[in-house]
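My notes follow in the order I looked things up.

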Amino acid sequence: MSLQIQELGARVVKHRGVNGVRAAAAEIGVSPATLSRVENGHVPDLATFAKICEWLGEDPAVFLGLEASGAVRPPPTVHMRKKNTTSVDTATALGAMIVAVQNAIIAREEL
């Protein structure tokens with residue numbers, strides 16, 4: 001699910017519910033004026049954005065239009081240009097070797 005950064009303020013208002021801006025700001029660790037500006041659609045600085053996302057329990061990537069961490073990565077693939085200097089067996093072997101290396105890199109990153 002992807003949201004826009006402009007929707008952050010609406011999320012804050014919804015999450016704080018009946019609590020006042022001062023109480024929510026104290027929970028988050030920002031000033032009430034800062035939280036009020038965010039609720040009114042202003043984009044916060046990075047530190048405030050991180051605190052608000054943590055308070056909301058949301059991945060910051062959701063508001064930035066990025067894939068959330070833990071997203072499924074497409075499988076490695078190899079594309080080669082057709083050249084008369086490379087045999088089909090050589091191209092197949094190179095492709096298998098490149099895919100094996102990509103899989104090894106992915107496996108290492110997931111450790």
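I count two residues as in contact when heavy atoms lie within 4.5 Å. The model is a predicted one.

**Leu56 and the core**

I started with Leu56. Leaving aside neighbours within four places in sequence, I found Leu56 in contact with Leu8, Arg11, Val12, His15 and Phe63. Next I looked up the largest nonpolar core, which has 14 residues. Leu8, Val12, Leu35, Ile52 and Leu56 touch the most other members. Helix 4 gives the most, with five residues.

**Helix 4**

I listed the buried residues of helix 4: Thr48, Phe49, Ile52, Cys53, Trp55 and Leu56. They cover an arc of only 160° around the axis, so they sit on the same side of helix 4. What do the buried residues of helix 4 pack against? I noted helix 1, helix 2, helix 3 and helix 5 (60–64).

**Helix 3**

I repeated the check on helix 3. Its buried residues are Thr34, Leu35, Val38 and Glu39. Seen down the axis of helix 3, these fall within an arc of 140°, so they line one face of the helix. I looked for what covers the buried residues of helix 3, and the list includes helix 1, helix 2 and helix 4. After helix 3 comes Gly41, and I noted its positive phi, near 100°.

**Helix 1 against helix 3**

I took the helix pairs next. Helix 1 and helix 3 pack at an angle of about 120°, and their axes are 7 Å apart. From helix 1, I listed Leu8, Gly9, Val12, Val13 and Arg16; they meet Leu35, Val38 and Glu39 in helix 3. By class, the residues of this contact divide into five nonpolar, one polar and two charged.

**Helix 2 against helix 3**

How do the axes of helix 2 (residues 21–28) and helix 3 (residues 32–39) cross? They come within 8 Å and cross at roughly 105°. I count angles of 65 to 115 degrees as roughly perpendicular, so helix 2 is roughly perpendicular to helix 3. Val21, Arg22, Ala24, Ala25 and Ile28 in helix 2 meet Pro32, Leu35, Ser36 and Glu39 in helix 3. I sorted this contact by class too: six nonpolar, one polar and two charged residues.

**Two exposed residues**

I went back to Arg22, which lies in helix 2. Is Arg22 buried or exposed? With a relative accessible area of 67%, Arg22 is exposed. I also looked up its separation from Ala33: 11 residues in sequence and 8.6 Å in space, C-alpha to C-alpha.

Last, I looked at Leu111, placed in the segment after helix 6 (88–109). Exposed means over 50% relative accessible area. Leu111 has 88% relative accessibility, so Leu111 counts as exposed. I compared its position with that of Asn84. Leu111 and Asn84 are 27 residues apart in sequence and 41 Å apart in space, C-alpha to C-alpha.

Methods: Residues are numbered from 1 along each chain as its sequence is written. This is a predicted model: local features need pLDDT of at least 70, side-chain atom pairs count only at pLDDT 80 or more; totals for chains, interfaces and linings use all residues. Side-chain values use heavy atoms; hydrogens and water are left out. Axes are lines fitted to C-alpha atoms, for helices over the stretch in contact, and angles run from 0 to 180 degrees between N-to-C directions. Helices (H or I, at least four residues) and strands (E, at least two) are DSSP runs, numbered from the N terminus. Angles under 35 degrees count as roughly parallel, over 145 as roughly antiparallel, 65 to 115 as roughly perpendicular and the rest as oblique. Ala, Val, Leu, Ile, Met, Phe, Trp, Tyr, Cys and Pro count as nonpolar, Asp, Glu, Lys and Arg as charged, and the others, Gly among them, as polar. Buried means under 20% relative accessible area, exposed over 50%, partly exposed in between (1.4 Å probe, protein chains only). A nonpolar core is a set of buried Ala, Val, Leu, Ile, Met, Phe, Trp, Tyr and Cys residues joined through side-chain atoms within 4.5 Å. The arc is that of the directions from the helix axis to the C-beta atoms.
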